[in-house]
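Please read these notes with the model open beside you.

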Amino acid sequence: MSRQAGRFAPRLTLAVGALLAAAISVMGLVFTEDLKREQVGDLTRSLFIQARLGARATVLDARALSAACECRATVIAPDGTVLGDSSLDAVGLSHAENHRARPEVAEALEGREASAVRRSATLGVEHLYAAAPVTGLNGRVRSVIRLSLPLTEVARRAGRARGFVLWTALATFAAVLFLAWLLARSVGRPLEEMAAVAQRLVAGDYGARVRGPLGDDERALLGETLNSLAARVEETVGELSRDKSRLAAVLDQMAEGVVAVDADGRVLLVNPALSRLLGIDATQARGRGHLESLRHHGLAELVGEVLRDSLPAARELRLFSPEELVFDANAAPLQQDGCPDGALVVLHDITRMRRLEQVRRDFVANVSHELRTPLSSIKGFAETLLEGALDDKENRRGFVKTIEEQAVHLSKLVDDLLDLSSIESGHRQPKLAQTDLRALAVDVIRHFTPAAAERGVTLTFSSSGPSAALVDFEQVRQVLANLIDNAIKYTESGGRVAITLETRGAEVVVSVSDTGVGIPETDLTRVFERFYRIEKARTREAGGTGLGLAIVKHLVEAQGGRVWVESRQPGGSTFFFSLRAA
Ligand code: ADP
């Protein structure tokens, strides 16, 4: 974790130490060199003075000069021949090399004082040479006096000074190293802690804070700033995540399907309602292109259109899984700083609305159709009568009878419609009361006995268990009457209609079973629909409106019960309804 921070102290220490040591060394060396130069200069000047003094002597004796000057003395002839040298005996002198080429000698032969520093070929030590011309009265150079000194002392002093400088540099380096290490440690520690806190913040631990003692300088300021930054980040991130979860909760709870895509059409979010509708996995869809993940051509097309035009668009979409659903899809472009940044689509389920519209249209069409038949029949017979049939004594009664029958059918139809409409609009709320269903059934059966007898149909009744139920007496009576009426109507002469009543758990189940024409399997679920008739012509003949069973279903369900039918063809049908036992 403190990979960078851990190296900070040694790096700083080394850098500062090395810099100081280098500075001291350079300064020391420059100073030593300068010192050496000055010493050499002083010595040169002193040698020149001595050489000049020596030149005044009448006899130039190298040994006497050397003794007086405490240095080596050489006397050289104008042609460079060594005439005398304090360090050479007679033999050495005879072998001495011509000195004309020595730079200081060459210059002195020209009449100018000159000096040089070089390693002596004979002694192997660095020497200072100073040469002065000895001129005659005519001003010509008669000879040259050269004095020389070994620079051992100067070199020794310079070496000592250099050593001192070196040791000082080393000691300074060590001291600086130690001091810098102490300093770096005191700066590095808090820095390391701050770096650790910053890294924890980056990793999402927004509760991380700098705690250690930070002193009262910039480190404390930096630490405090980092802490307030962390607090700010924690607060902001908290707010953001609260907002995010609120938004997620809203999206999760929405009945409307919602999908958002980015500017490239990649899915950003799909709420649960939409993933349920489209049968897609929201997590898998995220980040993928809308065309492949939405699995609905119309929806993908709508998204593409909004992304392309950056304008809101709306469309009605249909889904067929498993039943047909209709959606009002509203899409809007998303913007970020005024630039297009994707699209948002909200799908509002309008299936129920569309279905109700369809039901209303069907209902109006059905009602018109149902009314037209008896009305045109009445109109037809009335016209026939007016056009002369009134005088047809044999048939006119039959015509009027038909008109009366159609009028009765019409009024029954209107009564049933009004009934149904008042039940559906909630005007006929059941008035639940303790009711003895057995007594109710017996009463209704008694009412239908003459009609059954007239059609040659036998009515039977049986019951088992308690028969008390919490129901609306009048409505249950209407339900049972409707079912018995149908059973008698659709049963041939000689047939039987059996009514039973039994308790099943918390329910009382009433059944009306006949030995009549029965209901085809395919029609079983539909007989409770309004105006649904199996064979229109025949049932209308039987005086049916196709509304009876719809009324039955509404009345039973309004009381918390269920109604269903079982049938065999041939063999007859059995209608059941259940009610809450009291
Ligand atoms: P309707 O007034 O025409 O009888 P219902 O709603 O009571 O209207 O019945 C709907 C249709 O269900 C009838 O037209 C008839 O074809 C069929 N149906 C009802 N009850 C029976 C039954 N007991 N046996 C055979 N078919 C029946």
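1. A nonpolar core is a set of buried Ala, Val, Leu, Ile, Met, Phe, Trp, Tyr and Cys residues joined through side-chain atoms within 4.5 Å; buried means under 20% relative accessible area, with a 1.4 Å probe and protein chains only. The largest such core has 48 residues, and Leu-459, Leu-480, Ile-484 and Phe-577 touch the most other members. Helix H14 (residues 473–489) gives the most to this core, namely 8 residues. At least three residues come from each of domain 3 (354–422) and domain 4 (429–580), with bounds from an automatic or database domain assignment.

2. This is a predicted model, in which local features need pLDDT of at least 70, side-chain atom pairs count only at pLDDT 80 or more, and totals for chains, interfaces and linings use all residues. Residues are numbered from 1 along each chain as its sequence is written, and side-chain values use heavy atoms, without hydrogens and water.

3. Leaving aside neighbours within four places in sequence, the contacts of Leu-459 include Ile-445, Phe-448, Ile-484 and Val-497; contact means heavy atoms within 4.5 Å. A second, separate core holds 25 residues, among them Val-259 and Leu-319.

4. Elsewhere, 5 strands form an open sheet in the order E2-E1-E5-E4-E3, with antiparallel pairing. Strands (E, at least two residues) and helices (H or I, at least four) are DSSP runs numbered from the N terminus, and two strands pair if DSSP finds at least two bridges between them. Strand E2 (82–85) and strand E3 (114–119) are at the edges with a single partner strand each, so one side of each lacks a neighbour in the sheet.

Terms used: Buried < 20%, exposed > 50% of the residue type's maximum accessible area, 1.4 Å probe, protein only.
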